[in-house]
Amino acid sequence: MLRRAGRGVAVLVLGACAAGQPVEVSREPSDMGAMSEQEFRALHRPRSEAAGPHRGEELVVGGARAYLRLPEGAPGPRPAVLVLHDEGGLSEHFLHWADRLAAEGYAALAVDLYGTQESTAPDGTVTVVKMLDVERARKVLQAAHAFLVTDARVRAPRTAVMGWGLGGSWALRLGMAEPALDAVVTYSGLVEADPEALAGLRAPLLVLLGTKDATLPAEEQEAFVQALDDAQGLHRVLRYEAEHAFENPASGQYDAHAAAAAWQAVEFFLERHLKR
């Protein structure tokens, strides 16, 4: 069913429980939560004008660069979210996302899916190229999830994975491969149209898409939604009249209203499945 949720935002809410019953939820967007959309947007100004340096810890997990941000207050156990970057790599934007999630009470671990490879030109110039090795990425994600469950600072009783673009597709992959996950969130991720593959997804899934996303044409989005329905897992798909990266204040496609609406949906989804 297509519903309007405020100016300029079209929200299509689709869902199915394991028994195939439809689920419809619609909420008006707001700036609820520990970090409002305005505050999140402000983090993306130049560092000299922003809210200050990141307060998380840079570390290595599974051989990959990572950023761990813990909520303020008592030590673990606490619910945790694995943060997966888009095609641009582990940029400041995704460290901001980890900080935002920590403000909501989650331990957030952002990992770099890319490895690097050096090439030397005849003149001796060395170029470092980011490479995505599928097997390496799988191992990094497995190690990252295990870290959130076992590390003494986290000891997560419940876990989620959340990704954007490339990271959104990897969030879905991890959801299909890791039965211990409690929730999966994907923003504009490359989609899976095979119901048999999606049937392996045990965790509830939240999908956030832009209807104007040139990287995901309407026919691909429809095939994905149909495959989710056929797989009959618990899922919710939200579509906004917005472009790719509409939730990223550092992008030229940023849409503050759609971003706030999507973030509110994510807040409720994570709270329901990680804090119950």
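Reader: In which strand is Leu 109 found?

Author: This is a predicted model, where local features need pLDDT of at least 70, side-chain atom pairs count only at pLDDT 80 or more, and totals for chains, interfaces and linings use all residues. Residues are numbered from 1 along each chain as its sequence is written, and side-chain values use heavy atoms, with hydrogens and water left out. Strands (E, at least two residues) and helices (H or I, at least four) are DSSP runs, numbered from the N terminus. Leu 109 is found in strand β7.

Reader: Is Leu 109 buried or exposed?

Author: Buried means under 20% relative accessible area, exposed means over 50%, and partly exposed is in between (1.4 Å probe, protein chains only). Leu 109 has 0% relative accessibility, so Leu 109 counts as buried.

Reader: Which residues does Leu 109 touch, beyond those up to four places away in sequence?

Author: Contact means heavy atoms within 4.5 Å. Leu 109 touches Val 61, Ala 66, Tyr 67, Leu 68, Val 81, Leu 82, Val 83, Ala 144, Phe 147 and Leu 148.

Reader: Which residue in β7 is the bridge partner of Arg 69?

Author: Two strands pair if DSSP finds at least two bridges between them. β5 and β7 (residues 107–111) pair in the antiparallel sense over four bridges. In β7, the bridge partner of Arg 69 is Ala 108.

Reader: Which residue in the turn between β4 and β5 has a positive phi?

Author: Strand β4 (residues 57–61) pairs with β5 in the antiparallel sense over five bridges. Val 60 has Arg 65 in β5 as its bridge partner. The two strands form a hairpin with two residues between them, and the turn residue with a positive phi of about 60 degrees is Gly 62.

Reader: How many residues of strand β5 are buried?

Author: Across the chain, 50% of the 276 residues count as buried. Strand β5 (residues 64–69) is largely enclosed by the rest of the structure, because its buried residues number five of the six.

Reader: At what angle do the axes of α3 and α4 cross?

Author: Axes are lines fitted to C-alpha atoms, for helices over the stretch in contact, and angles run from 0 to 180 degrees between N-to-C directions. Helix α3 covers residues 134–150 and helix α4 covers residues 166–177. Their axes come within 11 Å and cross at roughly 65 degrees.

Reader: Which residues of α4 meet α3?

Author: On the α3 side are Val 134, Ala 137, Arg 138 and Leu 141. In α4 they meet Trp 170, Arg 173 and Leu 174.

Reader: What is the omega of the peptide bond from Gly 76 to Pro 77?

Author: Pro 77 lies in the loop between β5 and β6 (80–84). The peptide bond from Gly 76 to Pro 77 is cis, with omega near 10 degrees.

Reader: What is the relative accessible area of Ser 188?

Author: Ser 188 sits in the loop between β11 (183–187) and α5 (195–198). Ser 188 is not a glycine, although its phi is positive, at about 50 degrees. Ser 188 is buried, with a relative accessible area of 4%.
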